[in-house]
Amino acid sequence: MNQYEGMFLLDNQVVRADYKAAKAVVIDTLKKHGAEVVAARRWDERRLAYPIEGRLRATFLLTHFKAGPNAITGIRREAELDERILRHLLLAVEEIPATELELSAAEGEDFAPPPPPADDAVDREEPLVVGTPDAVDEDVVSEEVGVGIIDEEEV
Amino acid sequence: MAMKMASKPRAPLVPLGKKRCDDPRIDYKDLAYITKFMTPQAQIQGRRRTSFCAQCQRQLKQAIKRARHLGLLPFVG
């Protein structure tokens, strides 16, 4: 059994609906592949440096677990396929820090994180139109006419 | 006949005794620390600027790349 650290980015829509259910998504995935979860806590909820799967914000879940080397392949594959997990990072660690055990225990069963802000989704369906269609047509026509006049004078 | 000039010995990039590997525990979650060694364009600074030893510079590189993968740091600033 090796010791691993796993960081999982969770979709804020799932976290907003139920944080425990979102946390259970990760823990169930780990347990399904025979891992022993030692610590799991909400590390942070923050704005991403670049959009990931159309999300601008995400909740970071930090886990420490013990598992055999063969379990990691299955965990990676499951995390890749699950749409609620935006991204993951699994690292082998020599020891699990004691502070993580304390922080994970302090989170407890009744922990309720503050609801994430509402600007986590990139609105891709919004049409990129500036001004009304009539006004745009008039501008285009006037510019074309203007350019034509200048060209004639230069010639 | 042109004589071959003897090349001058180069000074070390990082002067001895000025390495700053006091705390080698570089972690991808410690963003306040690792962003000190990035340019405003989010590039990783070289050893000449960071004054890290080769081992710590590799750890720094790995930590920044892990943070980029998780969306904590940008690839391009």
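**Figure 1. Strand 1 and strand 4 of chain A in the predicted model.** The structure shown here and in the other views is a predicted model. Strand 1 and strand 4 of chain A run antiparallel and are joined by seven bridges. Within this pairing, Phe8(A) faces His88(A), a residue of strand 4.

**Figure 2. Strand 1 and strand 3 of chain A.** Strand 1, residues 2-10, also pairs with strand 3, residues 55-67, in chain A. This pairing is antiparallel and comprises nine bridges. Asn2(A) lies opposite Ala67(A) of strand 3, and Leu10(A) has Thr59(A) of strand 3 as its bridge partner.

Figure 3. The four strands of chain A make an open, antiparallel sheet, ordered 2-3-1-4. Strand 2 (36-52) and strand 4 (85-92) are the edge strands, each pairing on one side only. From one strand to the next, the twist averages 20°. Strands of a sheet pair through backbone hydrogen bonds, in either a parallel or an antiparallel arrangement. Helix 4 of chain A, residues 98-107, lies across strand 2 and strand 3. The angle between helix 4 and strand 2 of chain A is about 85°.

**Figure 4. Helix 2 of chain A and its packing.** Helix 2 of chain A covers residues 19-32, which is 14 residues. At 1.5 Å a residue, helix 2 should span 20 Å, and its end C-alpha atoms are 20 Å apart, so the two values agree. The buried residues of this helix are Ala22(A), Lys23(A), Val26(A), Thr29(A) and Leu30(A). The elements that they pack against include strand 1, strand 2, strand 3 and strand 4 of chain A. Helix 1 (12-17) and helix 3 (71-81) of chain A are also among the packing partners. After helix 2 of chain A comes Gly34(A), with a positive phi near 85°.

**Figure 5. Glu53(A) in the loop between strand 2 and strand 3.** Glu53(A) belongs to the loop that lies between strand 2 and strand 3 of chain A. Its phi is positive, about 50°, although Glu53(A) is not a glycine. Most residues other than glycine have a negative phi. Glu53(A) is exposed because 12 other C-beta atoms lie within 10 Å, and a residue with 12 or fewer is classed that way.

**Figure 6. Ala42(B) in a loop of chain B.** The loop between helix 1 (31-34) and helix 2 of chain B contains Ala42(B). Ala42(B) is a residue other than glycine with a positive phi, near 65°. It has 15 C-beta neighbours inside 10 Å and therefore counts as partly exposed.

**Figure 7. Arg48(B) in helix 2 of chain B.** Arg48(B) is part of helix 2, residues 47-50, of chain B. Arg48(B) counts as exposed because it has 8 C-beta neighbours inside 10 Å. Asp30(B) is 18 residues away from Arg48(B) along the chain, and the C-alpha atoms of the two are separated by 22 Å.

**Figure 8. Contacts between chain A and chain B.** Nine residues of chain A are in contact with seven residues of chain B. On the chain B side, the touching residues are four nonpolar, two polar and one charged.

Figure 9. Chain A has five helices and four strands. Their order from the N terminus is β-α-α-β-β-α-β-α-α. Of the 155 residues in chain A, 22% are buried. For contacts in chain A between residues at least 6 apart in sequence, 79% join residues at least 24 apart. The average pLDDT of chain A is 83, and 77% of the residues score at least 70. In the stretch 135-155 of chain A, the pLDDT is below 50, and this stretch has one contact in the model beyond near neighbours in sequence.

Figure 10. Chain B contains three helices and zero strands, in the pattern α-α-α along the sequence. Buried residues account for 19% of the 77 residues in chain B. Among contacts in chain B between residues at least 6 apart in sequence, 69% link residues at least 24 apart.

Note on methods: Residues are numbered from 1 along each chain as its sequence is written. Chains are lettered from A and ligands numbered from 1 in the order in which they are written. This is a predicted model: local features need pLDDT of at least 70, side-chain atom pairs count only at pLDDT 80 or more; totals for chains, interfaces and linings use all residues. Two residues are in contact if their C-beta atoms, placed from the backbone, lie within 7 Å. Ala, Val, Leu, Ile, Met, Phe, Trp, Tyr, Cys and Pro count as nonpolar, Asp, Glu, Lys and Arg as charged, and the others, Gly among them, as polar. Two strands pair if DSSP finds at least two bridges between them. Helices (H or I, at least four residues) and strands (E, at least two) are DSSP runs, numbered from the N terminus. Axes are lines fitted to C-alpha atoms, for helices over the stretch in contact, and angles run from 0 to 180 degrees between N-to-C directions. A residue is buried if 20 or more other C-beta atoms lie within 10 Å of its own, exposed if 12 or fewer, and partly exposed in between; C-beta atoms are placed from the backbone. pLDDT is the predictor's confidence in each residue, from 0 to 100. The expected span of a helix is 1.5 Å times one less than its number of residues.
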